[in-house]
Amino acid sequence: MTSLNFSCLDDYDPNALPVDRARRIVLDMLAPVTGHERVFARQALGRVLAADVISPVAVPGHDNSAMDGWAVRHADLAEAGEMGETRLRNIGTAFAGRAFDGKVSRGEALRIMTGAVLPEGADCVVIQEVARVEGDEVIIPPGQRAGQNLRRAGEDLKAGEAAIHAGALLRPAEIGIVASLGVAEVSVRRRVRVALFSTGDELCSIGTPLFPGAVYDSNRYTLWGMLTRLGCEVIDMGVVRDQPEALENAFREASACADAIVTSGGVSVGEADFIRRMMAKLGEVAFWKIAMKPGRPMAFGRMHAGAAGGGAWLFGLPGNPVAVMVTFYQFVRPALLKLMGVDPVPEFPAFPARCVEAMKKGRGRTEFQRGILFQQEGAWCVRPTGAQGSGVLSSMAKADCLIVLEPERDKVSPGDTVMVQLMTGLA
Ligand code: AMP
Ligand code: MG
């Protein structure tokens, strides 16, 4: 493959990389995985469409009523402003799925249900609430508009038109559209394969007793969760000790079978040196100090193909549990969406909110605090979750958003507006 050539990038300082710049570099280097498969509509949920879904039919297929009411000829009705009502003859009923066999002629009204095909002759529907029935006559008040309360054939989709475009992440609405066209199968990109391991001599896997000084490996679980919700195929490679040989084997194995490798730990200054030497052998990897907190150190690059083929993108995340989640959301998630073929890669959902507590902040870096959103007098407000240490995973569990404090800011006073990134419901 061609060289990644980080050094050719404009404005590139690996030791002080702004968050947006780092995200841009990552996104610009990646291209979607190739390969797709056909799946049934239901199996397509959460997958990425590989080819446009072309509508074989018009939706709706016929002009039909949007309301329960009376199908009439507008020309028969009294004009708006006239005092007179219009009396029409009730000629029957049209039901959804059971059309009226006949037409609406001068002076006639047809009772019509929502979704029923509009009969010939009629050109508007008067809602039942304003009409009065007297014997076999219907009395319509003045002021009705031509064409009102109708859904026109092809108004939603025209036959031959792309109903959903390649690159769409298929959500329930898209699955519904596929079904509304009578389409049973769609072409989706293959799932992105992500190999995952944790590094650290202090890590213990759940199910084994903690030895003195050990901590349970939680990163592999949060990462597994975030990757699974994104729809990736996760290859869990467990805990790898801080030993060159073990790490080298793990990287070789991962790059033979995965599109991307996500690791945690081992990229901080104290540990990075031997990893750096090893990486120089296995691929092209940049060790970044990103102007952010938490999550300053991060490795990003490309592992070469080995004898068994492969080659994979590498995201070496820091070890601290909160830093893992924050860097995943800021860099790895958009990168994986791009690899998955999502086009365009969506922005992280964010909006301004009023912060109700003071916060300290260092200048020159983006800080991500964990926040809880609530409403006060109709406005969205946010409160930090408390202890914000980058190892305090409970601050993440309490939070439903990240409060993003931009580099120029040096503090937050109560009442200040801050941007929040919504984590609720995030894949
Ligand atoms: P490191 O980046 O490897 O220096 O790790 C930074 C901190 O994160 C240390 O306190 C580690 O014990 C902790 N840590 C690293 N990996 C994990 C993990 N997989 N699960 C929980 N904590 C971790
Ligand atoms: Mg470590």
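**Figure 1. Helices α3 and α6 as a packed pair.** Axes are lines fitted to C-alpha atoms, for helices over the stretch in contact, and the angle between two of them is taken between their N-to-C directions, on a scale from 0 to 180 degrees. In this predicted model, the axes of helix α3, which covers residues 219-230, and helix α6, which covers residues 321-340, come within 11 Å and cross at roughly 30°. Because angles under 35 degrees count as roughly parallel, α3 and α6 are roughly parallel to each other, and their crossing is right-handed. On the α3 side the contact is made by Asn-219, Thr-222, Leu-223, Met-226, Leu-227 and Leu-230, while the residues of α6 that take part include Pro-321, Phe-328, Tyr-329, Arg-333 and Met-340. Sorted by class, the contact of α3 with α6 has 12 nonpolar, two polar and one charged residues.

**Figure 2. Helices α1 and α6 as a packed pair.** Helix α1, made of residues 19-29, packs with α6 at an angle of about 25°, and the two axes are 9 Å apart. That angle makes α1 roughly parallel to α6, and the crossing of these two helices is right-handed. From α1, the residues Val-19, Ala-22, Arg-23, Val-26, Leu-27 and Asp-28 meet Gln-330, Phe-331, Pro-334, Ala-335 and Lys-338 from α6. The residues of this contact divide into seven nonpolar, one polar and three charged.

Figure 3. The axes of helix α4 (residues 244-257) and α5 come within 11 Å and cross at roughly 40°. That makes α4 oblique to α5, and α4 passes α5 in a right-handed crossing. In this pair, Pro-244, Leu-247, Glu-248, Phe-251 and Arg-252 of α4 meet residues of α5, among them Phe-274, Ile-275, Met-278 and Leu-282. By class, the contact of α4 with α5 has eight nonpolar, no polar and three charged residues. Helix α5, residues 269-282, also holds Glu-271, and the magnesium ion (ligand 2) is coordinated by OE atoms of Glu-271 at 2.7 Å.

**Figure 4. The surroundings of Ile-290.** Ile-290 lies in the loop that runs between β18 (283-289) and β19 (292-293). Its relative accessibility is 0%, and Ile-290 therefore counts as buried. If its neighbours within four places in sequence are left aside, Ile-290 is in contact with Leu-17, Pro-18, Val-19, Ala-22, Gly-295, Arg-296, Met-298 and Phe-331.

**Figure 5. Two cis peptide bonds.** A cis peptide bond joins Lys-293 and Pro-294, with omega at about -5°, and Pro-294 is placed in the loop between β19 and β20 (297-303). A cis peptide bond also joins Asp-343 and Pro-344, where omega is about 0°, and Pro-344 lies in the loop between α6 and β22 (350-355).

**Figure 6. Two residues with positive phi.** Asn-149 has a positive phi of about 60° although it is not a glycine, and its place is in the loop between β9 (137-140) and β10 (150-151). With a relative accessible area of 26%, Asn-149 is partly exposed. Glu-377, which is not a glycine either, has a positive phi of about 50° and lies in the loop between β24 (366-376) and β25 (379-384). At 80% relative accessibility, Glu-377 counts as exposed.

Methods: Residues numbered from 1 in each chain as written. Chains lettered and ligands numbered in written order. Predicted model: local features only at pLDDT ≥ 70, side-chain atom pairs only at ≥ 80, totals over all residues. Heavy atoms only, no water. Helix = DSSP H or I, 4+ residues; strand = E, 2+ residues; numbered from the N terminus. Buried < 20%, exposed > 50% of the residue type's maximum accessible area, 1.4 Å probe, protein only. Contact = heavy atoms within 4.5 Å. Donors = N, O, S within 2.8 Å, 3.2 Å for Na, K, Ca; no water. Parallel < 35°, antiparallel > 145°, perpendicular 65-115°, else oblique. Left-handed = near helix turned anticlockwise from the far one by under 90°. Nonpolar A, V, L, I, M, F, W, Y, C, P; charged D, E, K, R; others polar.
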